[in-house]
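Subject: Handing over the model, with notes

Dear colleague,

Please find below the structure that I said I would pass on to you. My notes on it follow directly after, and I would be glad if you read them with the model open.

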Amino acid sequence: MTSTKNKEPSIKGAPKTSPQSITNWYLTVFIVIVVATAATRFYKVTEPDHVCWDETHFGKMASWYINRTFFFDVHPPLAKMMIALSGKLTGYNGTYPFDKPSDKYNGTKYEGMRIFCTFLGAAIVPMSYETVYDLTGSVLAAFVGAVYLIFDVGMITLNQYILLDPPLLCFMTASLMGMVKVSKYTTSGRSFTTRWWQWLVFTGTMIACTISVKFVGLFIVLLVGLQTISDLWIVLGDLSKPIFYSIKQFMARAVTLIIWPIFLYVLFFYIHLSVLNKSGNGDGFYSSGFQSRLIGNSLYNASMPRNVAYGAVITLKNHKTGGGYLHSHFHLYPKAFGARQQQVTTYTHKDDNNKWIIKPYDKESYGEKNVTLVKHGDLVRLEHLQTRRNLHAHNEKAPITVKHFQVTGYGENGTGDANDIFKVVILNGRENDPIQTVSTKFKLIHYFQHCAVTSSGKQLPKWGFEQQEVSCNPNLRDKNALWNVEDNYFELLPNVSFHVYAPGFFARFFESHAVMLQGNAGLKPKEGEVTSRPWQWPINYKGQYFSGGNYRIYLLGNPIIWWSNLAFLGLFLLTLIIAAIKHQRGYDANEKSEVGENKWRSLQAGVWLFAGWILHYLPFWAMGRVLYFHHYFPAIIFNSMLTGVMFNYLIERMPSWIKQIALGTILGIILYSFKLFYPLAYGFSDASTEKNSTMYGLRWMESWEF
């Protein structure tokens, strides 16, 4: 990513121009870009005045932050904390439920959160303009790239609501801008100046912020890493500098682009875990120790018996990351799924149906005179407190994991049969070791089938209320077959405080990541939810409703912009291959030095933007989780900037009148397409299939559903 040393770039197509004229022209266009961006982004920003699409999630999470209520989410916390802060500062009190899309706000102070997200989304465009200008030295290239972003109705839609996408895209674009600035200062011999350090710290801060919004921020971290390696390689090859200079360059980047971002990332989680200190509906995804730090949780400052005795009422938590509670309810397994006996599942929320009575295997009376502790190797029965049926396993296939045996609830009033007997096996236990609350990990081995009660992690269908399957695995080494006692109610044993078992910050930090990553990998589409596949995104195959009813908002890219983006991307690859072949064959040896320099500068800029596009698009092909159309929008920013670079590259050596015609044509087409499709972003009331509809005739693809 080189730039011309000590030389102001010239405006393409202009005669000899003074540096002051270039600066004035750059600033004039920049102001036009900012005004157009503000006009398109903030127009009707508070409409519709009801919950739109994922505002139901992220608005609700903002409420939980304001109320300091703990919750589980698959994304890191920064953007949600920022949205909550913006709401708090603009009068939102955290009481609106955000139950479902289309719910009216009815006087709720939601506007501040929307405007905040829109502001971050609007910042993308001027930063993209600045980035392309730094890469190419061309105001025209920067202007065209910015125009593609300004008039993309999909980008407008995604940036106007209470979502994680505006912060994500803003921080990603800022990281790219910082990366280009650092490279520009490095290659122009201005390393270790104050401005160089400022841009290095800025870049490190922005990549920390990006990955603290969503884990896909790792893609921009990778791009910055590749650019850093490239810069360091160039520095290393500069024989006019001593080797110590290269070491200083490396150390500066290690501090600002590795250590500093890690510090910020950990700091954001420290704030997150400090703010969310009250028990909420996400507690059950976390370990018993983690929950003991949450005010209002049954384990917070808990006082319970240290050991587990026969006759105790207990809850059992699966010890895997994100594991739920052993749970049962009156509903039976359907006919096609093993015996028609009572369902046993794991459930990640606190519930009375999680409670069991632990009993000796061979008698009904216990704990009335003498307290008997449950120990390693004991044979036990577990009676479900609410339904009075025993935990039971038999030689029937499990409903989902058919290589395992079915686990059910069986019997009446605590009386069942021999298939209710389980052996308690403590992990690394020895004879007479007692089961201790919270800290002891153990397995329940079925006495006759010789299988371990486990949570497969697979979600049951609607007949199982989408809870997780419990089965009995003949493979006794199953790592998901470990359980611990979380709640322990028994009046005949003295209570002790469990505060000593509460984990510290770093233990909770690492557990949070394990739970988030597992949750991310396991995301599945909800019933009726519109999902998509990566091949559909670049061609704008299918959009997504943000709002229905009488005020419809439909997320869809401006088709002219998206399809021409693809065309320019293909042209870039073709041009790069041809230029490389010509260079290798020596056909460009007679080019004027300035012409060749400008050509390769533009192609280098294109290479980095293409790398950004492919890094933010290709990985989704390998993901097994549910995917949505909006996942492509980071990539479209790189593609739009690449379009600006390629448009300028293709016309820069043409006569001025042809350039003006080309620019006028592309602007006219984009503005006309925006005029056609802007109702998708700002709202329309009738379907495209109705002949009198304002959208009639705009359904250019059958897959578009507006």
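Contact, in everything that follows, means heavy atoms within 4.5 Å. On that basis, among contacts in the chain between residues at least 6 apart in sequence, 75% join residues at least 24 apart.

Before the details, two remarks on the origin of the values are needed. This is a predicted model, in which local features need pLDDT of at least 70 and side-chain atom pairs count only at pLDDT 80 or more, while totals for chains, interfaces and linings use all residues. Residues are numbered from 1 along each chain as its sequence is written, and side-chain values use heavy atoms, with hydrogens and water left out.

Overall picture

The chain has 18 helices and 16 strands, where helices (H or I, at least four residues) and strands (E, at least two) are DSSP runs numbered from the N terminus. Along its principal axes, the C-alpha trace spans about 100 × 75 × 50 Å. Of the 706 residues, 56% count as buried, a term that stands for under 20% relative accessible area, with exposed over 50% and partly exposed in between (1.4 Å probe, protein chains only).

Helix H16 and its two partners

Helix H16 (residues 633-651) packs against helix H5 (residues 124-136) at an angle of about 45°, with the axes 10 Å apart; helix H8 (residues 165-187) and H16 pack at an angle of about 40°, again with axes 10 Å apart. The axes are lines fitted to C-alpha atoms, for helices over the stretch in contact, and angles run from 0 to 180 degrees between N-to-C directions. Angles under 35 degrees count as roughly parallel, over 145 as roughly antiparallel, 65 to 115 as roughly perpendicular and the rest as oblique. H5 and H16 are therefore oblique to each other, and H8 and H16 are oblique to each other as well.

The crossing of H5 and H16 is right-handed, a crossing being left-handed if the near helix is turned anticlockwise from the far one by less than a right angle, and right-handed if clockwise. On the H5 side, Ile-124, Ser-128, Thr-131, Val-132 and Thr-136 meet Ile-637, Met-641 and Val-645 in H16. The residues of this contact of H5 with H16 divide into five nonpolar, three polar and no charged (Ala, Val, Leu, Ile, Met, Phe, Trp, Tyr, Cys and Pro count as nonpolar, Asp, Glu, Lys and Arg as charged, and the others, Gly among them, as polar).

The crossing of H8 and H16 is likewise right-handed. Here Leu-168, Leu-169, Met-172, Thr-173 and Leu-176 of H8 make the contact with Phe-633, Pro-634, Ile-637, Phe-638 and Met-641 of H16; by class, the contact of H8 with H16 has nine nonpolar, one polar and no charged residues.

Aromatic pairs

The structure holds 58 aromatic pairs. Rings of Phe, Tyr and Trp (its six-membered ring) pair if their centres lie within 6.5 Å, and planes under 30 degrees apart count as stacked, over 60 as edge-to-face and the rest as tilted. The rings of Tyr-65 and Phe-71 have centres 5.4 Å apart and planes at 85°, so this pair is edge-to-face; Tyr-65 is buried at a relative accessible area of 6%, and Phe-71 is buried at 3%. Ring pairs also link Phe-219, Trp-537, Trp-562, Phe-572, Phe-610, Trp-613, Tyr-617, Phe-620, Trp-621, Phe-629, Tyr-632 and Phe-633 into a cluster; Phe-633 is also one of the H16 residues in the contact with H8.

Loops worth a look

Pro-48 is found in the loop between helix H1 (19-42) and helix H2 (55-67), and a cis peptide bond, with omega about -10°, joins Glu-47 and Pro-48. Trp-53 lies in the loop between H1 and H2; its phi is near 45°, a positive value in a residue other than glycine, and Trp-53 is buried, with a relative accessible area of 12%.

In the loop between helix H3 (78-89) and helix H4 (111-122) sits Phe-98, which has a positive phi of about 50° although it is not a glycine; at 0% relative accessibility, Phe-98 counts as buried. Gly-94 is also found in the loop between H3 and H4 and counts as buried at 6% relative accessibility. Gly-94 touches Ser-63, Ile-66 and Asn-67, not counting residues up to four places away in sequence. Gly-94 and Tyr-65 are 29 residues apart in sequence and 8.1 Å apart in space, C-alpha to C-alpha.
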